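Me: I'm new to this one, and I'd like to learn how to read it feature by feature. Could you walk me through it?

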Amino acid sequence: MKNFVFFTHQYLKQMKKKWWKLLLLFVFPLVIIALSFMALSSIFVQSEQQKLSIAIVNEDTSSESQLLTQLIVTILKENTYIQAELLSMEEAEEQIEQNDSTAAIVFPSHFAADLYEGTSVKLHVLGNPQEKTQSMVVNELVETIARYIASAQANILTVYHYAKDTSISPEELESLKLELLMDFTFYTMGKRKILREYEWVLQPFENPLHYYSIAILFCLTIIWSILLFVFLSKQTSKSLQMRLKLAGVAFWQEHAARIFTTFMTVLILSSVLFAIALSQLDIQYYALDYLRMFLFVSLLILLTIVVCAIFDVIFHSDKVKLLMTFLLCVVLIAGSGAVFPTIYFPYSMQQLFPNFYTFDIWKWLTDLIFEERNYASYTKSGLMLALALTLYSGLVYVKGRWAR
Amino acid sequence: MFLFTRMLLLKKQLVPTLIWLLMPLILTVVVVQWGNAAARDAQIPIAIVDEDHSELSRAFIQELQQMDLLTIQLMGKQKALYALEKNQLDSVFIIKRNFEKELRNNKRNQLIEAYSTNRSYFYFAVKENISSLAQRKATQAKAAHEVKNLLNKYDSDIEWSFDEIVAQGQQREERYELLTVDFSYYNENESSSPTEKTNLLTSWGIWAFFTLISTFYLFDWVIKESNHPVVVRWLQSKISYITYFFSTLAVYLLIMLVIDILTYRIIETQFIWSEVLVMLVFRLTCVALALFVAVHLKQVLSYYFITPILALLLALLGGVFIPMERFFAKWPIMSELSPVYALLQWDVSLVWSVFIVLICMYVYRKESNRFA
Amino acid sequence: MLEVKNISKKYRSHEILQNVSMHIARGEVVGLVGQNGAGKSTFLQIVATVMSANSGDLMLDGLSYNCNLKAIRRQIGYVPQEVALWEQLTVRENMLFFAKLSWTKLSEEQCRAICVNMQLHEWDKQVSKLSGGMKRKLNIALSLIDDPQLLLLDEPTVGIDLKSKTEIAHFLTQQAKEHQKMILYTSHDMKEITTYCDRVYIMGEDSFYYDYLQEKGITIGKM
């Protein structure tokens, strides 16, 4: 016990000495998360603000295709984030060059005629190489529209096939063609009417800002635990190890002190941040709720550190140890479902997730925080902690024997 | 002479060195394969409630089940909505009673009820898929309706049936590719298939990430040897430590470049010299970065700790994990922050090329000042 | 002949060496004594070209340190105080490693002969498994590969057993006398110093060493 206190003191001193590195350690994950967040939001927000500008080039001079392209422009304009414009080929190329347009859709000559005949027609999408992702979006969009037109056209041809066998006059048949094409295309595009949509609001995600703040805090807790634990590791020379051994210090005592120091530091930091975050929510919590959340956060930190400690014992090479620990961090966060719901993962993986303590703890935390649940079960996480501790002490024991 | 001594040192850790050298290639292949498999298996869980129990509704569900993206569970309304509430499903679709009857009568409005939540990330895609399938059914029904009208109008006595017309429409759609779309970038000659290219981009991104880590970890000798007391012995040797240092660097670089070209051959189908050049510049940048960090650190452990974090940051800024194009459109300078971005654009970054040269000069000065 | 004239060395504001002068003639074994921290190691490092002095002149066989550094380094064998060896390699590999890098081409037999002369018989053992004394011996042996004219040894005999110590000292004096080499070494073992050194320099103002050496009748060099 004396040794344990001594080493804890040593680790605290070490942390004090390297305080600016420590600060970097805590700030760095924040930077990464902020950066990802900025990049992600720039994708979504900007695509709404900045409309996708599409040039439509019609190389077919027939009146039918004029109508059809007009129709497509109208349909595209229904999308609020798309701006479509009829242009000549030269104009469109100029616009792309000047980065004014995301892409151009080119209707080839004889487009309408070929379509009527039922021969295969190719639409051409000219993407802007300066905006690759956006060009892809346009391409997807055009492919969807093409599928609709093709589907409509297939059925029109069927109708046409029957119409030919009736006593219809050639002029009437001609006008019927166009009429049908317009009619069917419109009909197809109006597919939204098929669905009657209801959108529900699920409690935890009612306010995405609140949800993601808590989720980020949760992830940060995991990342900090791992980083700090690794940060506190140090190389002890053989002679120093010998000296420690003579002083009656076992390997585990130093390790335990490291676990304890990391645990306390991250726990204090996370608790404070959680308390601040929770005070921002418009929910009144009881003391018992706070206690429950506190217990779960403690379990989360302790389990993470013990798993790291197990890695520390198992892997011999420093390089491998560190890489595996960083990998562990990714797996723990992905498995928790805090960032991305686990229901979208492959089925085989989904079955693994309930075995993750991060998954279990996150589930309870969201229940407690957002659904104001009055009950919590620590059995699963507690059992896992017991398991991890048993495994850890077993490994330390084996290692101690082996070293002798 | 030099090689002999270097081999003496390397011999003891030949296997780990080789593993670290090959790690980016192996992990890229594994991750891409595994990632593709996972993406293929990754499914969107939805529930379908069949209230109609008609032939058409069953056929409709069957067609839905053939879609790759969806995992469809058939269940009762109560159960499905409960699961949705518990966030176990992305969305729920209810095929209303009279689905078949309405369709046959050319009515298509609100045939299906769709339930989603504010956490249904893929509802939009699923909705598109399901409504377009339903729309196809409706269009086929409309065709039958039009035929019926036509035949009535011109008093024709041609035999027809609803199912026949529907079947014909479907056949035409499947048999002929009536309207296709091809894609190319403006001013780029090879009409590249866009989806293929995006896939490749990610695999190079992953390669870049692992290459950063492996280069960093392979260059730990810089710290280990430069801070070793044995360095003093180079005073009395024929070649100076700085020559020895840079020769070692050259040998590592050579081996790395061979492996890089091998990697390029394995991952890409074509062999384009300019792209290989870009790769080599990227590798040089990695080495320069590793040197830069290594000469400033005394402890290997902190080097091992800092470098993966640095690699992660650079990969993130380079757009390996999240596309950064929009972000860079706003702040163009940011795109120069990571050498990974230039690699993914198959571009040589001027800033980083200058960086390589500067670092080489810097390290040369630092190391040669040792015994001045 | 090594001549050192008025060299000074400052470390930030701390003055370590102040106007130190000395000389060593060919065939001489010279000892350097002084308290811990008196600047013995710094002085040796300056002579060995590991460090440069802030002021003063150094000459080896008429060549100035200022312009003939490469030629001078070739003449010097320096044995650092810490064990400068590849721990992961064997004795043989260590010898071959530096033999390959040296000016003179030595065969494996010649390398082995150096070790045997030093009473180091474990040829194929990994250095990390050697005893402390053995490491010291190898540490000296490595510096002898190039057959240096001036040998600088920084506490070379720490941790070596008495028998080997005698043998090494004997080997060094023999080198000096028969091959006309210059040897400068530091030690805290006064018995060793008094037995083998022709002259002794004392670093720092220290009457303790002075009295002791004078009593033994050793020539004391003036620094």
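**Chains, contacts and salt bridges**

Reply: Let's start with chains A and B: 104 residues of chain A are in contact with 94 residues of chain B, where contact means heavy atoms within 4.5 Å. Keep in mind that this is a predicted model, in which local features need pLDDT of at least 70, side-chain atom pairs count only at pLDDT 80 or more, and totals for chains, interfaces and linings use all residues. Residues are numbered from 1 along each chain as its sequence is written, chains are lettered from A and ligands numbered from 1 in the order in which they are written, and side-chain values use heavy atoms, with hydrogens and water left out.

Me: How many Å² are buried between chain A and chain B?

Reply: Buried area is the accessible area (1.4 Å probe) that two parts lose on being put together, summed over both. For chain A and chain B that comes to about 9400 Å², and carbon and sulfur atoms give 65% of it. A:Tyr162, A:Tyr187 and A:Ile194 supply 9% of what chain A buries against chain B, more than any other three residues.

Me: And how many salt bridges cross the interface of chain A and chain B?

Reply: The general idea first: side chains of opposite charge can pair when their charged atoms come close. The rule asks for a side-chain nitrogen of Lys or Arg within 4 Å of a carboxyl oxygen of Asp or Glu. Across the interface of chain A and chain B, it finds three. A:Asp183 makes a salt bridge with B:Lys142, their closest N and O atoms being 3.1 Å apart.

Me: What about polar contacts there, and which helix gives the largest share of the side of chain A that touches chain B?

Reply: A polar contact is a pair of N or O atoms within 3.5 Å; within protein, one must be able to donate a hydrogen and the other to accept it, and residues adjacent in sequence count only if both atoms are side-chain atoms. There are 27 residue pairs in polar contact between chain A and chain B (both at pLDDT 80 or more). As for the helix, H6 (residues 132-164) of chain A gives the largest share of that side, 24 residues. Helices (H or I, at least four residues) and strands (E, at least two) are DSSP runs, numbered from the N terminus. By class, the side of chain A that touches chain B has 58 nonpolar, 28 polar and 18 charged residues. Here Ala, Val, Leu, Ile, Met, Phe, Trp, Tyr, Cys and Pro count as nonpolar, Asp, Glu, Lys and Arg as charged, and the others, Gly among them, as polar.

Me: Now chain C and chain B: how many residues does the contact take from each?

Reply: It takes 31 residues from chain C and 23 residues from chain B. Together these chains bury about 2500 Å², 66% of it on carbon and sulfur atoms. There is one salt bridge between them, in which C:Glu93 pairs with B:Lys11 at 2.8 Å between the closest N and O atoms. Six residue pairs are in polar contact (both at pLDDT 80 or more). On the chain C side, strand E6 (76-79), helix H3 (91-101) and helix H5 (132-143) each supply at least two residues, and H3(C) gives the most, with six residues. That side divides into 17 nonpolar, eight polar and six charged residues.

Me: Which salt bridges lie within a chain, and are their residues buried or exposed?

Reply: Buried means under 20% relative accessible area, exposed over 50%, and partly exposed in between (1.4 Å probe, protein chains only). In chain A, A:Lys321 and A:Asp318 meet in a salt bridge (3.9 Å, N to O). Both lie in helix H12 (residues 318-336), three residues apart, about one turn of the helix. A:Lys321 counts as buried because its relative accessibility is 18%, while A:Asp318, at 23%, is partly exposed. They also belong to a network of salt bridges that links A:Arg258, A:Asp312, A:Asp318 and A:Lys321.

Me: How far apart in sequence are C:Asp147 and C:Lys181?

Reply: C:Asp147 and C:Lys181 form a salt bridge, with the closest N and O atoms 2.2 Å apart. C:Asp147 lies in the loop between H5 and strand E7 (150-154) of chain C and C:Lys181 in the loop between helix H6 (162-179) and strand E8 (182-186) of chain C, so the pair ties together parts 34 residues apart in sequence. C:Asp147 is partly exposed at 44%, whereas C:Lys181 is buried at 5%.
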